[in-house]
Amino acid sequence: MHEYSLVEALIRRVEEEARSRRAVAIHGLKVSLGELAGVDPELFQTAFETFRQGTLCERTALEVVHYPARWVCPRCGKTFARGDILRCEPCGAPAQLTPQSDALLLDAIDMEIP
């Protein structure tokens, strides 16, 4: 249920950006959501539909770009699939989670500035 507080903070932040630029409308938002971000995508979308009412985002389209969890070797760049042992055999290095895998990022705001 923390999706509601995340969306509330998202809309507040978007409205702050819009006001600082004297925007009259917000046409779209683009958000990146990693598989391991701990956010339910459907609940996030539902929360957006709920919280945007009566805000500058009331008629705003929300695009959510999903990123699967991925691990890579920091030395040779080998990628690992889910369920693999997270240690690179040739390098001996432990695999690292890619930054998008657990991220929740506001990527873009499409706003109308007169």
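**Entry 1: Helix 1 and the sheet**

I take contact to mean heavy atoms within 4.5 Å. The model I examined is a predicted one. I looked up how helix 1 is placed and found that helix 1 lies across strand 1 and strand 6. Its direction runs at about 40° to strand 6. I then turned to helix 2, which packs on the sheet and touches strand 1, strand 2 and strand 6. The direction of helix 2 makes about 165° with that of strand 2.

In what order do the three strands of the open sheet stand? I noted the order 2-1-6, with mixed pairing. Strand 2 and strand 6 are the edge strands, since each pairs on one side only. On average, neighbouring strands of this sheet are turned by 15° against each other, direction ignored. I next examined strand 1 and strand 6, which run antiparallel and are joined by eight bridges. I also recorded that Lys30 stands opposite Ala108 in strand 6.

**Entry 2: The buried side of helix 2**

Which residues of helix 2 are buried? In this helix, residues 41-51, I found Phe44, Ala47 and Phe48. These three cover an arc of only 105° around the axis, which puts them on the same side of helix 2. I recalled the general rule that an α-helix has 3.6 residues a turn, so residues three or four places apart point the same way. I then looked up what the buried residues of helix 2 pack against: helix 1 (2-20), strand 1 (25-34), strand 2 (61-67) and strand 6 (104-112).

**Entry 3: The N-terminal end of helix 2**

I checked which residue caps the N-terminal end of helix 2, and it is Asp40. A side-chain oxygen of Asp40 lies 2.9 Å from the backbone nitrogen of Glu42.

**Entry 4: The aromatic pair**

How many aromatic pairs does a search of the whole structure find? The search finds one. Tyr4 and Phe51 form this pair, which is edge-to-face, with 5.8 Å centre to centre and 65° between the planes. The planes count as edge-to-face because the cut-off for that class is over 60 degrees. Tyr4 lies in helix 1 and Phe51 in helix 2, so the pair ties together parts that are 47 residues apart in sequence.

Are the two residues of the pair buried or partly exposed? Tyr4 is partly exposed, with a relative accessible area of 23%. Phe51 also counts as partly exposed, at 27% relative accessibility.

Note on methods. Residues are numbered from 1 along each chain as its sequence is written. This is a predicted model: local features need pLDDT of at least 70, side-chain atom pairs count only at pLDDT 80 or more; totals for chains, interfaces and linings use all residues. Side-chain values use heavy atoms; hydrogens and water are left out. Buried means under 20% relative accessible area, exposed over 50%, partly exposed in between (1.4 Å probe, protein chains only). Helices (H or I, at least four residues) and strands (E, at least two) are DSSP runs, numbered from the N terminus. The arc is that of the directions from the helix axis to the C-beta atoms. A polar contact is a pair of N or O atoms within 3.5 Å; within protein, one must be able to donate a hydrogen and the other to accept it, and residues adjacent in sequence count only if both atoms are side-chain atoms. Rings of Phe, Tyr and Trp (its six-membered ring) pair if their centres lie within 6.5 Å; planes under 30 degrees apart count as stacked, over 60 as edge-to-face and the rest as tilted. Two strands pair if DSSP finds at least two bridges between them. Axes are lines fitted to C-alpha atoms, for helices over the stretch in contact, and angles run from 0 to 180 degrees between N-to-C directions.
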